[in-house]
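I would ask you to look at the sequence and the model together before I go through the details.

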Amino acid sequence: SAGYDVAQLEQLAADLGVPVGTVTAAVNAHTFDAAIAADMDKAGDDPDLQRKDPDDGSYYFGTPTVAQGGKALDLNQDTWLTTILAGH
(Lines give C-alpha, C1' and ligand atoms only; values in the text may rest on other atoms or scores of the structure.)
Protein backbone atom coordinates (compact mmCIF):
# COMPACT_ATOMS: atom_id res chain seq x y z
CA SER A 1 0.00 0.00 0.00
CA ALA A 2 1.00 3.63 -0.11
CA GLY A 3 1.82 3.74 3.60
CA TYR A 4 0.60 6.15 6.23
CA ASP A 5 -1.10 9.36 5.17
CA VAL A 6 -0.35 12.69 6.90
CA ALA A 7 -3.29 12.40 9.30
CA GLN A 8 -2.17 8.91 10.38
CA LEU A 9 1.41 10.12 10.89
CA GLU A 10 0.13 13.04 12.95
CA GLN A 11 -1.90 10.66 15.12
CA LEU A 12 1.09 8.36 15.61
CA ALA A 13 3.20 11.38 16.58
CA ALA A 14 0.57 12.59 19.05
CA ASP A 15 0.30 9.10 20.56
CA LEU A 16 4.08 9.07 21.06
CA GLY A 17 4.22 12.60 22.47
CA VAL A 18 5.92 14.14 19.43
CA PRO A 19 4.66 17.62 18.59
CA VAL A 20 2.25 17.14 15.68
CA GLY A 21 3.41 20.34 13.98
CA THR A 22 6.91 18.91 13.73
CA VAL A 23 5.64 15.87 11.84
CA THR A 24 3.41 17.93 9.55
CA ALA A 25 6.27 20.31 8.71
CA ALA A 26 8.65 17.42 7.95
CA VAL A 27 6.08 15.65 5.75
CA ASN A 28 5.15 18.81 3.86
CA ALA A 29 8.81 19.78 3.36
CA HIS A 30 9.70 16.22 2.28
CA THR A 31 12.51 16.39 4.85
CA PHE A 32 13.18 12.66 4.95
CA ASP A 33 12.20 11.61 1.40
CA ALA A 34 15.77 11.23 0.12
CA ALA A 35 16.92 9.30 3.20
CA ILE A 36 13.94 6.95 3.01
CA ALA A 37 14.48 6.35 -0.71
CA ALA A 38 18.18 5.65 -0.14
CA ASP A 39 17.43 3.21 2.69
CA MET A 40 14.77 1.43 0.60
CA ASP A 41 17.23 1.12 -2.32
CA LYS A 42 19.92 -0.22 0.03
CA ALA A 43 17.53 -2.76 1.57
CA GLY A 44 16.22 -3.77 -1.85
CA ASP A 45 19.76 -4.45 -3.09
CA ASP A 46 20.80 -6.45 -0.02
CA PRO A 47 20.88 -10.15 -1.00
CA ASP A 48 20.32 -11.17 2.64
CA LEU A 49 16.93 -9.44 2.58
CA GLN A 50 15.73 -11.03 -0.66
CA ARG A 51 12.92 -13.54 -0.80
CA LYS A 52 12.62 -16.39 -3.24
CA ASP A 53 9.45 -16.60 -5.31
CA PRO A 54 8.18 -20.18 -4.93
CA ASP A 55 6.60 -20.12 -8.40
CA ASP A 56 9.54 -19.15 -10.57
CA GLY A 57 12.55 -19.17 -8.23
CA SER A 58 13.35 -15.51 -8.79
CA TYR A 59 14.45 -13.29 -5.92
CA TYR A 60 12.80 -10.04 -4.88
CA PHE A 61 12.58 -7.56 -2.02
CA GLY A 62 9.19 -6.79 -0.58
CA THR A 63 7.40 -5.28 2.34
CA PRO A 64 6.91 -6.09 5.02
CA THR A 65 10.38 -7.40 5.65
CA VAL A 66 11.57 -8.17 9.17
CA ALA A 67 15.25 -8.82 9.72
CA GLN A 68 17.33 -9.99 12.62
CA GLY A 69 21.10 -9.93 12.51
CA GLY A 70 20.97 -8.66 8.94
CA LYS A 71 18.97 -11.65 7.70
CA ALA A 72 15.33 -11.62 6.65
CA LEU A 73 12.98 -13.73 8.73
CA ASP A 74 10.33 -15.89 7.11
CA LEU A 75 7.08 -14.19 8.12
CA ASN A 76 5.17 -17.29 7.01
CA GLN A 77 6.63 -19.13 10.00
CA ASP A 78 4.45 -18.84 13.09
CA THR A 79 7.58 -18.48 15.23
CA TRP A 80 9.14 -15.39 13.60
CA LEU A 81 8.25 -13.07 16.49
CA THR A 82 9.37 -15.61 19.08
CA THR A 83 12.68 -15.84 17.22
CA ILE A 84 13.20 -12.08 17.52
CA LEU A 85 12.20 -11.95 21.17
CA ALA A 86 14.45 -14.88 22.06
CA GLY A 87 17.41 -12.93 20.70
CA HIS A 88 16.99 -10.12 23.24
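This is a predicted model: local features need pLDDT of at least 70, side-chain atom pairs count only at pLDDT 80 or more; totals for chains, interfaces and linings use all residues.

Residues are numbered from 1 along each chain as its sequence is written, and side-chain values use heavy atoms, with hydrogens and water left out.

Let me begin with the helices. Helices and strands are DSSP runs numbered from the N terminus, with helices being H or I of at least four residues and strands being E of at least two. Helix H1 spans residues 6-16, and Asp-5 caps its N-terminal end. A side-chain oxygen of Asp-5 lies 3.2 Å from the backbone nitrogen of Ala-7; a polar contact is a pair of N or O atoms within 3.5 Å, where, within protein, one must be able to donate a hydrogen and the other to accept it, and residues adjacent in sequence count only if both atoms are side-chain atoms. After H1 comes Gly-17, with a positive phi near 85°.

Buried means under 20% relative accessible area, exposed over 50%, and partly exposed in between, with a 1.4 Å probe and protein chains only.

His-30 follows H2 and is placed in the loop between H2 and H3. Its phi is near 55°, a positive value in a residue other than glycine. Most residues other than glycine have a negative phi, and most peptide bonds are trans. His-30 is exposed, at a relative accessible area of 51%.

The peptide bond from Thr-63 to Pro-64 is cis, with omega near 0°.

Leu-75 is in the loop between strand E4 (71-72) and helix H4 (80-86). Not counting residues up to four places away in sequence, Leu-75 touches Arg-51, Pro-64, Val-66 and Trp-80. Leu-75 counts as partly exposed, at 28% relative accessibility.

How many salt bridges does a search of the whole structure find? It finds one, a salt bridge being a side-chain nitrogen of Lys or Arg within 4 Å of a carboxyl oxygen of Asp or Glu. Lys-71 pairs with Asp-48, and the closest N and O atoms are 3.1 Å apart. Lys-71 lies in strand E4 and Asp-48 in the loop between H3 and strand E1 (51-52), so the pair ties together parts that are 23 residues apart in sequence.

Finally, the surface. Phe-32, Ile-36 and Met-40 make a nonpolar patch of about 320 Å², and Ile-36 lies in helix H3, residues 33-45. Patches are made of residues with over 30% relative accessible area and no salt bridge; like charges are joined within 9 Å, and nonpolar side chains (Val, Leu, Ile, Met, Phe, Trp, Tyr) within 5 Å. Accessible areas come from the Shrake-Rupley method with a 1.4 Å probe, and for residues only the protein chains shown count as cover.

Notes
Contact means heavy atoms within 4.5 Å.
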